[in-house]
Amino acid sequence: MNLKGKKILIVGAGISSFAAARITKKAGAEVVLSDAKAESDIQADFTEMRELGVGLVFGPQQESLLDGVDAVIVAPAVPVAIPLVQKAYARGIRVLSEVELAQELAQSPILAITGTNGKTTTTTLTGLLMETKFPKEKVGVAGNIGVPLSETALKIGADGCIVAEISSFQMEGSKHFHPHIAAVLNVTPDHIIRHKTMDVYQAMKEKIFAEQTASDFLVLNYDDARTRGMKERALSRVCYFSRREELAEGAFVRDNRLVIRWDGQEYPLCAVDELGIRGGHNVENALAASAIAFLAGCAPQAIVQVLKSFQGVEHRLEYVRTVAGVPYYNDSKATNTDSAEKALLSFPGHIILLAGGDDKMTDLTEFMGLVKERTDALILIGDAAERFHKEAVKNGYPESQIFEAGYSMEKAVSIAHDMAKEPQTVLLSPACASFDMYDNMAVRGRDFKRLVMAMPE
């Protein structure tokens, strides 16, 4: 992509947008960054953008912004349905995402991972597995994980690999993203407010392999009906993984041991109870990461050592501390009901659950059924508290075991501390986004951890 002398419009401010602005500006393009919000309403420092000579336009986005523009780069948080982007399409201007820009810059293969849940754990684990094949400095881990993919692609250069966490938002603005290995971990209800229907949401996920060819690989969850059926639309070679069934070919569990069967050969890995991460969902994540790494050329024995040592990622079933015999876990990354359900199934019961936040308005029937089955108390916070309370009672949860803490994590933790006793477990697994109380789920998780660490014994 020759950017010299081109005019680039970047729509939406954020980490990936700033990265795209830096790259395109340094490549000789005239760059304008526009955000529909006022600058005072955006929690970002634009000093570097001004120093680089990037034009900044805040507030209402007029169609005149498109005059003379060669390409529009859309931030993940910006739906392509907004009028400015639709007018760009109508004018025949190329619209792309920052990850598609990364694809054009990359000299090393991209291993891309998407799915409703498990992306960050699988991406992080895959990155560590790839370090058994390449020097650490030649393995990039980026994307929706919080590191711009485009800058990582440039940094890694040739003779390495790039492991990318990819969201449906990033795929929405992409047309030609082409990873050598793609993985779709699962597709369950999420982001319906943005995508409107599950079919549209799934279509965004499927774009991750739409440009693949027969020389590429696609790793799919055999146990998830939506992902299993994606094989019918794939041109690449499919490698399934399954926690529940022994597969003729793929990655699976047999006699409590992870196994890869490929091209007529079997490669036993570690036992399930040797994994450094807990829960059935993490067995799936380990299978997916192992399959990706194996297809990328990692040695099975090297994969085993990493699977045993990997302890998970921050905010995903993260052990915080034990107080008076009661362990506390931070699962702030559970921003939807499916992820929170997986967390509930990772413990033997007697859970004091902290849930709620920025409500995604998904159906709560299955979630509340599991809450009723596995928790001793339900402590609710944030915007979702009222609806969660009503749905819990509707599904037979005892009113006397529901507590509301308003918009105070401190109050929620205090309520949990006052009632918790062995053999209970206190679990923050919100089943909601965080934006009603925090900038993001990481800030929420760290606040929870801060409060737990400050508690007296």
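Two strands pair if DSSP finds at least two bridges between them. Strands (E, at least two residues) and helices (H or I, at least four) are DSSP runs, numbered from the N terminus. This is a predicted model: local features need pLDDT of at least 70, side-chain atom pairs count only at pLDDT 80 or more, and totals for chains, interfaces and linings use all residues. Residues are numbered from 1 along each chain as its sequence is written, and side-chain values use heavy atoms, with hydrogens and water left out.

**The parallel sheet**

Ile8 stands opposite Ala71 in E4. Strand E1 (residues 7-11) and strand E4 (residues 71-74) pair in the parallel sense over 4 bridges. The open sheet has 5 strands in the order E3-E2-E1-E4-E5, with parallel pairing. Its edge strands are E3 (55-58) and E5 (94-97), and each pairs on one side only. Neighbouring strands are turned by 25° against each other on average, direction ignored. Axes here are lines fitted to C-alpha atoms, for helices over the stretch in contact; angles run from 0 to 180 degrees between N-to-C directions.

Helix H3 (residues 83-90) packs on the sheet and touches E1, E4 and E5. Contact means heavy atoms within 4.5 Å. The direction of H3 makes about 130° with that of E5.

Strand E2 (residues 30-35) pairs with E3 in the parallel sense, over 4 bridges. Leu33 stands opposite Leu56 in E3.

**Nonpolar cores**

A nonpolar core is a set of buried Ala, Val, Leu, Ile, Met, Phe, Trp, Tyr and Cys residues joined through side-chain atoms within 4.5 Å. Buried means under 20% relative accessible area, exposed over 50%, partly exposed in between (1.4 Å probe, protein chains only). The largest core has 43 residues; Met130, Val219 and Leu307 touch the most other members. Helix H11 (residues 280-295) gives the most to this core, with 10 residues. A second, separate core of 29 residues includes Val99, Phe177, Phe209 and Leu247.

**Salt bridges**

A salt bridge is a side-chain nitrogen of Lys or Arg within 4 Å of a carboxyl oxygen of Asp or Glu. The count comes to 27 by this rule.

| Pair | N to O distance |
|---|---|
| Glu39 and Arg50 | 2.9 Å |
| Arg244 and Asp223 | 3.8 Å |
| Arg254 and Glu266 | 2.8 Å |

Arg254 lies in strand E12 and Glu266 in strand E14 (residues 265-271), so the pair ties together parts that are 12 residues apart in sequence. Salt bridges that share partners join Glu246, Arg254, Arg261 and Glu266 into one network. Arg254 is partly exposed at 26% relative accessibility, and Glu266 is partly exposed at 35%.
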